[in-house]
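Please view the sequence and the structure first, then read on.

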Amino acid sequence: MIYKTFALFLLFLAPAVNAKINIEHWQTSQGGEVYYIQTQSLPMADIQVVFDAGSARDGKQFGIAALTASLLENGAGKWNADAIAQRFESVGAQFNSSATIDYSTVKLRTLTDPKLFASAIETLQTILSKPRFDAADFKREQSRTLAGLKQMEELPGAQADIAFNNALYAEHPYAHSTDGNLNTVAALTLAHIKDFYKRYYVAANAMVVIVGDLDKATAQATAETLLKGLTVGVKPEPLPDVVMPTAAKQQHIEFPSTQTHVLVGLPGSYRLDPDYFTLYVGNHILGGSVLVSKLFDEI
């Protein structure tokens, strides 16, 4: 099992190795990292603002990173969720926010026509710097998450994943589910969400990735604009290293289902390891590619 430690390389390293893509890098005036690739094939741009604010930063409040990310879409500044959706739709842009183990990310795909682009960036900047975190929105998202977690209790595959990660990572921050669990999510309050946002959604903890039909000057101005309303803040302390198991373990969980789920794995390499691609290809052949893997062909 290969865990990811750097989202930028997840997006761009493999193409860069083969196509020698020119990835430019700099910092904004507030300390945010920027990665930029100019492409001129289509009049559009993909922009991601990534924070080291994934579920590994949940602490004991499992699920808070995912809930915070989901609330960003529900209102910002003077706009509610419908107004935000309308603003993006009116300029042909697409937006979403999400959290993974390592990162929370807001994504924007927009046309680069100056007027349309400026409107989309204004909306995104407001979402990043002025989230409303309305009480009614919080209650609705919390209830939706709890309903999803309750449903997951009936899914053997989901329960197998949870048990596998707990066994694999033990006390490490990677051990728990990104969505949290029923007890921890139910205990969250709006104040907890606001505190998490203030701590992690800061310029020093941000990485802006810009790919598209934009010249460098426009990309630089865009990155500055997106982070200008954020507190400078500080980067969080690095996560502890994952401890490699010293012995094999086996766990059997009875579940009322006609289907059996078998998970086998161990902590893998990080993306900058020279053996990463060798391990990736091996994992892909054995089962990582699912329907076209050798394991699937045989079974």
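## Secondary structure

The chain contains 11 helices and 8 strands. The model is a predicted one.

## Overall form

Along the principal axes, the C-alpha atoms of the chain occupy a box of roughly 55 × 50 × 35 Å. The radius of gyration of the chain is 21 Å; because a compact globule of 299 residues would have a value near 19 Å, the chain agrees with that expectation.

Of the 299 residues in the chain, 42% count as buried. Among contacts with a separation of 6 or more, 79% are accounted for by residues 24 or more positions apart.

## Packing of α3 and α4

Helix α3 covers residues 81–90 and helix α4 covers residues 114–129. The two helices pack at an angle of about 155°, and their axes lie 9 Å apart. Because angles over 145 degrees count as roughly antiparallel, α3 is roughly antiparallel to α4. The crossing of α3 and α4 is left-handed.

On the α3 side, the contact is made by I84, R87 and F88. On the α4 side, S119, A120, E122, T123, L124 and I127 take part. Sorted by class, the contact of α3 with α4 comprises 5 nonpolar, 2 polar and 2 charged residues.

Conventions:
Residues numbered from 1 in each chain as written. Predicted model: local features only at pLDDT ≥ 70, side-chain atom pairs only at ≥ 80, totals over all residues. Heavy atoms only, no water. Axes fitted to C-alpha atoms, helices over the stretch in contact; angles between N-to-C directions. Helix = DSSP H or I, 4+ residues; strand = E, 2+ residues; numbered from the N terminus. Parallel < 35°, antiparallel > 145°, perpendicular 65-115°, else oblique. Left-handed = near helix turned anticlockwise from the far one by under 90°. Contact = heavy atoms within 4.5 Å. Nonpolar A, V, L, I, M, F, W, Y, C, P; charged D, E, K, R; others polar. Rg over C-alpha atoms; globule rule 2.2 N^0.38 Å. Buried < 20%, exposed > 50% of the residue type's maximum accessible area, 1.4 Å probe, protein only.
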